[in-house]
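Welcome, and please open the model in your viewer. We will go from one selection to the next.

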Amino acid sequence: QVHVAESGGGSVQAGGSLRLSCVYSTYITKAYCMGWFRQAPGKEREVIITRNTRYGDTTYADSVKGRFTISQDYAKNTLYLQMNSLKHKDTAMFYCAAYYRDAYGVCSTESGTYTIWGQGTQVTVSS
């Protein structure tokens with residue numbers, strides 16, 4: 001069964017850092033796209049970062065470039081989202097998601113393309 005599960009959310013002051021983790025089932029390592037999304041209250045879900053797990057193509061949303069970094073530990077089946085210089089507007093529920101893709105190139109930034117979702121982890125940044 002293919003699944004993902006996020007953890008690591010919490011409360012932090014503006015300017016602080018958090019690292020989120022997304023543990024995924026082994027099969028995802030083979031040929032999947034993974035993405036980090038977030039959804040703030042009253043707003044639509046937005047993509048933050050996408051990563052082609054097999055070929056490494058990675059994209060970042062402009063809103064997080066230079067502040068957020070994605071990394072992957074293949075031995076632990078874990079995708080990390082390192083978030084630095086957090087701002088109040090980063091407050092949201094963060095989700096890890098995946099869909100099957102066995103090809104070169106960047107992954108979709110459309111949430112509807114992703115078929116596997118975690119439960120989410122809340123990040124709250126106080127100003």
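A nonpolar core here is a set of buried Ala, Val, Leu, Ile, Met, Phe, Trp, Tyr and Cys residues joined through side-chain atoms within 4.5 Å; buried means under 20% relative accessible area, exposed over 50% and partly exposed in between, with a 1.4 Å probe and protein chains only. This is a predicted model, where local features need pLDDT of at least 70, side-chain atom pairs count only at pLDDT 80 or more, and totals for chains, interfaces and linings use all residues. Residues are numbered from 1 along each chain as its sequence is written, and side-chain values use heavy atoms, leaving out hydrogens and water.

Start by selecting Val4, Met34, Trp36, Phe68, Leu81, Met83 and Phe94: of the 27 residues in the largest nonpolar core, these touch the most other members. A second, separate core of eight residues includes Phe37, Ala97, Tyr99 and Cys107.

Next, the rings. Seven aromatic pairs are present, counting Phe, Tyr and Trp (six-membered ring) with centres within 6.5 Å; planes under 30 degrees apart are stacked, over 60 edge-to-face and the rest tilted. Select Tyr95 and Trp117: their ring centres are 6.2 Å apart and their planes at 80°, so this pair is edge-to-face. Tyr95 is buried at 13% relative accessibility, while Trp117 is partly exposed at 26%.

Move on to Tyr99 and Tyr114, also edge-to-face, with centres 4.8 Å apart and planes at 85°. Both Tyr99 and Tyr114 are buried. Now show Phe37, Tyr95, Tyr99, Tyr114 and Trp117 together, a cluster linked by ring pairs.
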